[in-house]
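Open the model in your viewer and keep the selection panel at hand. The stops below go from a helix pair to charged side chains and then to a loop.

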Amino acid sequence: MSGRFLWGVSTSGYQSEGGFNGEGEPQNNWAAVEHAGRVQRTGHASEFWTRYESYFALARGMGCTAFRLVIEWPRVQPSATAEKLSAAPPFDLAAIDAYADRIAACRTAGLEPVVTLQHFTHPAWLGPDAWHEDRTVEAFEAYVRLTVERINRRLLESHGCAPIRYYVTLNEPNILVQNTYLVPGFPGKRRGPRAGIEALSRLLAAHIRAYNVIHDLHAAHGWTGPMVTTNTFCSDTYWSEHAIYDLLSLREDGWKTGQRIEGTLRANAAKLHLALKNAKLPFAGGITQWLGRMFHWIFDIVAPRSFTTENLSPFLRELEASPRAKVFDYLGIDYYDPFAAHMFRPPTWSDLEIAPLSLRGWVMDCLTSKWWDWRLLPEGMHFFCGYYAREFKRPVLIAENGMAYLRRSDNSHLGLLRDRHNRSEFLRRHIAQVEKLRREGCPLIGYMHWSLTDNYEWGSFTPRFGLFTLDYTRGADRLVEDHLGDRPSETYAHLIAAVERALEPEFAAGEISDSLPSGEKAG
């Protein structure tokens, strides 16, 4: 591929900005459970909203060339109440301008902004099950239209910056559906597969609306053509992830109005299953792996019953009406531990760390792997990037990749993970696969590590994903050295420089800095 490779970090607004769901603050769909004390309060989170320039400096200091950040819809169209409202409140134009200023600061720091327009949260005024209502699709389109146009005009007119190039419309719609309706860990009232597929249908319809709005705006203003996608949590269960891209590709593949979609999806599911079998990825053995494979087999039988032409009719109507047959420009893959074989493990005391939002959620929490239980299998990242690039004939962005420690807000922790690796080892093994993919000619846009710092992980500060760790007993100071004595930000800096020297010597000698990140504290 031509152009600068995007080495970066990923962040999320609600998880890192601070300033949500308190008195006088924007209220999102997590407000009710925060107010009820069912989850930890976000509070100041990791203070990205007020300390964004130092965040960009830390990323650039590691040699990063990109930064993924989120425009929070609940901040842009806020309500002061956690209750559902019948009418949409006005937009906060000052908040939109503030986001434009942050994106401009990102560019000024030498980082390509990768901008996400919705990362799991929606304004509280839409209600807890917003994605079951057509008005949410309409509201999302209006939000995207106003926000994208105003931000890009401000970037050009007030800051002399180029418009946004890379967009993610909706973050991980597959996980939003799963965690809200199937394994309830997110707020919502309706449960079950039917509720899940209804929400997914409208999420994909909203993506199509946003895709067309963004392309129309760029064309109308003469801005550089955008790259727009929705990213997904990588999964080896076809119906959890791959099916989303197949649905979005239907018109490109010759689908006509009135045609059934079930046969196409089943055939593509079988194709993925065979490719994974032939890949011979190095799984560990054991009873839990057998249980995971059994779940995968059952899921492959049950899930297709939900993916019917009738259940997906809101999405199919939107796809039919789209002025463009192509409705995503690249693939955004979030690679953690995507394998059903790793899904189960015996209950542990750590299951009590995060309060479940339902009885079903509590049962699943006791049996399934948590963030800190995810297994290390970087060869899988190589497989999925290559397979998806070939299948969909598009470039790939690794939009998220990371690992978590269990470390509580009071700094007590469990030490090393099940696989006995630290974050630096995780980085070395996954970036080796990035280098391999690039050498093989895979059209890889970039690699985004989740995340720059520890942050709020959907109800708790306990899962720790940061290249810079936080000591929450002392505020939001970013520490280079973690509780295990590891310095992963320095490892990432060394790896970026080493890979660029090996693959693009003239680029490494020019734009990428060899300096190591200093952080604010030495640990």
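**Stop 1: a helix pair**

Select α6 and α8, which are roughly parallel to each other because angles under 35 degrees count as such. This is a predicted model. Helix α6 covers residues 134-159 and helix α8 residues 193-221; their axes are 9 Å apart, at an angle of about 30°. The crossing of α6 and α8 is right-handed.

Now show side chains where the two helices meet. On the α6 side, the residues include Phe 140, Val 144 and Val 148, and on the α8 side they include Ala 206, Ile 214 and Leu 217. By class, the contact has ten nonpolar, three polar and eight charged residues.

**Stop 2: charged side chains**

Glu 141 is buried at 18% relative accessibility, while Arg 145 is partly exposed at 37%.

Next go to helix α15 (residues 423-439), where Arg 428 and Glu 425 are three residues apart. Their side chains meet in a salt bridge of 3.5 Å, N to O. The whole structure holds 30 salt bridges.

**Stop 3: a loop glycine**

Select Gly 466, in the loop between β10 (463-464) and β11 (469-470). Gly 466 is buried, at 3% relative accessibility. Beyond its neighbours within four places in sequence, its contacts include Arg 423, Asp 454 and Pro 488.

Notes:
Residues numbered from 1 in each chain as written. Predicted model: local features only at pLDDT ≥ 70, side-chain atom pairs only at ≥ 80, totals over all residues. Heavy atoms only, no water. Axes fitted to C-alpha atoms, helices over the stretch in contact; angles between N-to-C directions. Helix = DSSP H or I, 4+ residues; strand = E, 2+ residues; numbered from the N terminus. Parallel < 35°, antiparallel > 145°, perpendicular 65-115°, else oblique. Left-handed = near helix turned anticlockwise from the far one by under 90°. Contact = heavy atoms within 4.5 Å. Nonpolar A, V, L, I, M, F, W, Y, C, P; charged D, E, K, R; others polar. Buried < 20%, exposed > 50% of the residue type's maximum accessible area, 1.4 Å probe, protein only. Salt bridge = Lys/Arg side-chain N within 4 Å of Asp/Glu carboxyl O.
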